[in-house]
Number of protein chains: 2
Amino acid sequence: MTDLLHYKDFPEGMVIPFGTYHLSREEVIEYAREWDPQPMHLDEEAAKRSVLGGLAASGWQSSAILIRLAVDGYANKSAAMASNSMEEVKWLKPVYAGETLTGRGTVLSRRISSKRPEMGILKMKFELFNMEGELKVEITGVQFMGVRHP
Amino acid sequence: MTDLLHYKDFPEGMVIPFGTYHLSREEVIEYAREWDPQPMHLDEEAAKRSVLGGLAASGWQSSAILIRLAVDGYANKSAAMASNSMEEVKWLKPVYAGETLTGRGTVLSRRISSKRPEMGILKMKFELFNMEGELKVEITGVQFMGVRHP
């Protein structure tokens, strides 16, 4: 437990690079079937006729991919304590089946909770890119983080 | 296709009741394993020690449940055309394994796109409740909706 990162390890302006995630056609359809069963996320032909222009992940799945990269990238190496809100979720471009994605997290600002001094409040920006560097998803929100009291 | 709901069928102030969703313990763990593998979403004991107080869904899963209810509740009966953003996602209370959930959507405001007159832009509020009426999740964001030109 003492090896975990804590609030002090996430200074304002810090940029955390994430790993990569390959999104298969099967995963797009599987996620959509369970959580967002609209024709444009389930069927190639319906997708081509839609504003997406081709089979693309639900925005909620592309967000989930970004969060998975963030969990592997820092949350599970830290005293992360969940979140209570995101203040902006932007799906700037469709995430197409077959794309490989990566991302990063940036500490926009931070403070210690006045009610709970053992808890820090990080305001984070999360960004998801494809391998061509196109920004696909941008999420801004809260990450609660444990404060280490030695 | 002519039976689909269109922009004209979603006036400002309209409230759309959604169906129900029962969230099992297995689904909480399965979702977390794939998309948000933090100990508090995977393990009962870790969850009890966390701010959640018991095994609870990832906020992203509770959002996915609300979106699934919205897709069944109106999107798949309408000319819904995806979304490009949510401006607020609030996880007000943990959604615990074993809870049954319901929700509703409210049309906060609407306008026709100036660039694309065949597309309406609905600003929607989505709310997720448990059977005791506790508000768990509140999401505000954009729903693009086809305009019928007879």
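Me: Where is the place of B:Glu134 among the elements of chain B?

Reply: In this predicted model, B:Glu134 belongs to the loop between β4 and β5 of chain B. Leaving out residues up to four places away in sequence, B:Glu134 touches B:Lys93 and B:Phe129, whereas B:Pro37, which is 97 residues apart from B:Glu134 in sequence, is 26 Å apart from it in space, C-alpha to C-alpha.

Me: Why is B:Glu134 called exposed?

Reply: The test counts the other C-beta atoms within 10 Å, and a residue is exposed if that count is 12 or fewer. B:Glu134 has 12 such atoms, and therefore it is classed as exposed.

Me: What makes β4(B) and β5(B) a hairpin?

Reply: Strand β4 of chain B, residues 119-130, is joined to β5(B) by eleven bridges, and the two run antiparallel. The hairpin has four residues between its strands, and B:Gly133 in the turn has a positive phi of about 85°. Across the pair, B:Phe129 stands opposite B:Leu135 in β5(B).

Me: How do you know that β2(B) pairs with β5(B)?

Reply: The two strands are linked by five bridges in the antiparallel sense, β5 of chain B being residues 135-146. Since at least two bridges are required, the five bridges meet the condition, and therefore β2(B) and β5(B) are called paired. Within this pairing, B:Met86 stands opposite B:Gly141 in β5(B).

Me: How do you know that β2(A) and β2(B) pair, and in which sense?

Reply: Four bridges connect β2(A) with strand β2 of chain B, residues 85-91, and the sense is antiparallel. With the threshold at two bridges, four are enough, so the strands of the two chains are counted as a pair. One of the positions concerned is A:Lys90, whose bridge partner in β2(B) is B:Ser85.

Me: Why is the relation between chain A and chain B that of a two-fold axis?

Reply: Chain A can be laid on chain B by a turn of 180° with a shift of 0.0 Å along the axis, and the RMSD is then 0.0 Å. That is why the relation is described as that of a two-fold axis. The same surface serves both copies, with 100% of the contact residues of chain A recurring in chain B.

Me: What makes up the side of chain A that touches chain B?

Reply: The contact takes 29 residues from each side, that is, 29 from chain A and 29 from chain B. On the side of chain A, the elements giving two or more residues are α4 (59-73) and β2 (85-91). By class, this side has 16 nonpolar, eight polar and five charged residues.

Me: Why is α4(A) said to be largely enclosed by the rest of the structure?

Reply: A residue is buried if 20 or more other C-beta atoms lie within 10 Å of its own. In α4(A), 14 of the 15 residues are buried, so the helix is described as largely enclosed by the rest of the structure. The count for α4(B) is likewise 14 of 15 residues, and therefore α4(B) is described as largely enclosed too.

Me: How do you know that the length of α4(A) agrees with what its residues should span?

Reply: At 1.5 Å a residue, the 15 residues of α4(A) should span 21 Å, and because its end C-alpha atoms are 21 Å apart, the two values agree.

Me: Which residues touch the most other members of the largest nonpolar core?

Reply: The core has 80 residues, and those touching the most other members are A:Ile65, A:Leu66, A:Ala70, B:Ile65, B:Leu66 and B:Ala70. Apart from its neighbours within four places in sequence, A:Ala70 is in contact with A:Phe18, A:Ala75, A:Gly105 and A:Phe126. In soluble globular proteins, nonpolar side chains tend to be buried together.

Me: Why does A:Ala82 count as buried?

Reply: A:Ala82 has 21 C-beta neighbours inside 10 Å, and because the cut-off is 20 or more, it counts as buried. This residue is found in the loop between α4 and β2 of chain A, and it has a positive phi of about 70° although it is not a glycine. In chain B, B:Ala82 also has a positive phi of about 70°, and it is buried, with 21 other C-beta atoms within 10 Å.

How values were computed. Residues are numbered from 1 along each chain as its sequence is written. Chains are lettered from A and ligands numbered from 1 in the order in which they are written. Copies are superposed by least squares on the C-alpha atoms of residues with pLDDT of at least 70 in both. Two residues are in contact if their C-beta atoms, placed from the backbone, lie within 7 Å. Ala, Val, Leu, Ile, Met, Phe, Trp, Tyr, Cys and Pro count as nonpolar, Asp, Glu, Lys and Arg as charged, and the others, Gly among them, as polar. A nonpolar core is a set of buried Ala, Val, Leu, Ile, Met, Phe, Trp, Tyr and Cys residues joined through C-beta atoms within 7 Å. The expected span of a helix is 1.5 Å times one less than its number of residues.
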